[in-house]
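Biologist: Please take me through this model and say what each term rests on.

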Amino acid sequence: MSGSHRRDGLRIASMVHRISGLALALFLPLHFYTLGLALNDAAELDTFLRWTDNPLVKIAEAGLVGLLSLHLFGGLRLLALEFLPWSPRQKLYAALAASASVFVSLGFFLSAV
Amino acid sequence: MSKQRETELYRPGETLAVKVWRGNANGGGFHAYTVPSQESQTVLDVVTWIQQNAEPTLTYRFACRVGMCGSCAMMVNGEPRWTCRTHVKKVIGDKPLEIAPLRNLPVIKDLAADMAEFFDKWTAARGQFQPSQSRDDAMAAISPDEPRRAAANAAIECINCAVCYAACDTVAANPGYLGPAALNRAWTLQSDVRDDAFAERLDAVSAGGGCFNCHSHQSCMTYCPNELNPTASIAGLKRLSAFSYLTGGKSR
């Protein structure tokens with residue numbers, strides 16, 4: 001294949017869904033480790049929470065929220081695709097899912113800083 | 001293509017640079033040819049000219065030349081197309097026209113791909129109609145407005161050309177996947193009220209390699225020369241399968 005099909009919106013939507021899922025899976029152990037600190041090491045947790053006030057960490061968190069919302073809205077799009085009667089507007093729905101994710105991610109960032 | 005670019009690259013009466021893949025299952029490569037260019041020339045015309053005038057041993061398939069038989073599909077500039085209905089003018093770029101055998105299928109020789117696995121998968125997806133009545137019964141009266149018939153009609157004009165199969169990245173990554181054409185065929189039969197193998201076919205298309213392997217990239221829909229949407233058919237099979245599971249196999 002020449003590769004032009006890989007630039008198609010729906011092919012990209014599928015890849016974004018997979019990659020966001022994998023990235024979230026990689027983040028989860030760190031998330032659980034931090035939650036574990038609340039039970040085992042309160043002082044260490046406080047140090048960590050102070051570190052998260054760093055603006056760069058806030059940007060990274062906004063990215064994480066973006067990944068989460070991309071995966072959430074992308075997943076809703078797939079559920080609609082597979083369980084509702086077929087709609088020819090799949091590219092519109094993919095674009096709406098991406099827009100909603102940007103909105104959520106920016107909203108998080110603005111409320112965090 | 002802009003009008004200006006079109007005049008630069010496509011000059012009827014002059015020549016056309018073409019690269020054709022030649023080889024067999026053990027390997028091969030592209031060979032260059034110069035072909036006279038003509039008005040309204042199709043890619044199949046180009047291949048035929050090469051075989052008749054330059055390379056008598058060139059192997060390729062075609063039959064009807066009018067987009068009905070589905071035998072002349074090839075990769076043209078890296079994209080699967082029905083060559084008899086693809087005008088050179090439409091696909092010519094700024095490089096030689098590149099013609100290769102269909103992707104995702106083994107090569108027999110030159111441009112002829114081995115279609116055996118493609119059709120074996122139709123059989124594996126239970127692509128055969130299973131009559132529920134005999135010739136002695138009255139003919140079934142089916143309204144074209146009936147929703148299931150409308151769903152079948154929307155998907156039924158497949159010519160088995162394997163363009164969707166060649167376009168599918170899921171087939172490329174998972175050779176066991178039945179592919180868009182076989183599943184689309186299964187969907188038309190699941191939507192046919194006269195068919196009597198609904199449960200068996202649903203098992204066949206829900207098993208490993210079946211409809212749940214589809215990632216809904218919709219390349220099949222993008223490239224289908226008959227403008228069918230196999231992804232929609234596969235989504236239909238996923239729905240049938242999920243609802244059948246939820247209702248303990250009672251839904252139809």
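**Burial, interface and helix packing**

Modeller: In chain B, 42% of the 252 residues count as buried. The model is predicted, with pLDDT of at least 70 needed for local features and 80 or more for side-chain atom pairs, while totals for chains, interfaces and linings use all residues. Residues are numbered from 1 along each chain as its sequence is written, and chains are lettered from A and ligands numbered from 1 in the order in which they are written.

Biologist: What makes a residue of chain B count as buried?

Modeller: A buried residue has 20 or more other C-beta atoms within 10 Å of its own; 12 or fewer is exposed, in between is partly exposed, and C-beta atoms are placed from the backbone.

Biologist: How many residues of chain B are in contact with chain A?

Modeller: 17 residues of chain B are in contact with 13 residues of chain A; contact requires C-beta atoms, placed from the backbone, within 7 Å. Helix 11 of chain B gives the most to that side of chain B, with 6 residues.

Biologist: Why are helix 1 of chain A and helix 4 of chain A called oblique?

Modeller: Their packing angle is about 40°, with the axes 9 Å apart. Angles under 35 degrees count as roughly parallel, over 145 as roughly antiparallel, 65 to 115 as roughly perpendicular and the rest as oblique. Helix 1 and helix 4 of chain A are therefore oblique to each other.

Biologist: Which residues make the contact between them?

Modeller: Helix 1 of chain A contributes A:G9, A:L10 and A:A13, and helix 4 of chain A contributes A:Q90, A:K91 and A:A94.

Conventions
Axes fitted to C-alpha atoms, helices over the stretch in contact; angles between N-to-C directions. Helix = DSSP H or I, 4+ residues; strand = E, 2+ residues; numbered from the N terminus. Contact = placed C-beta atoms within 7 Å.
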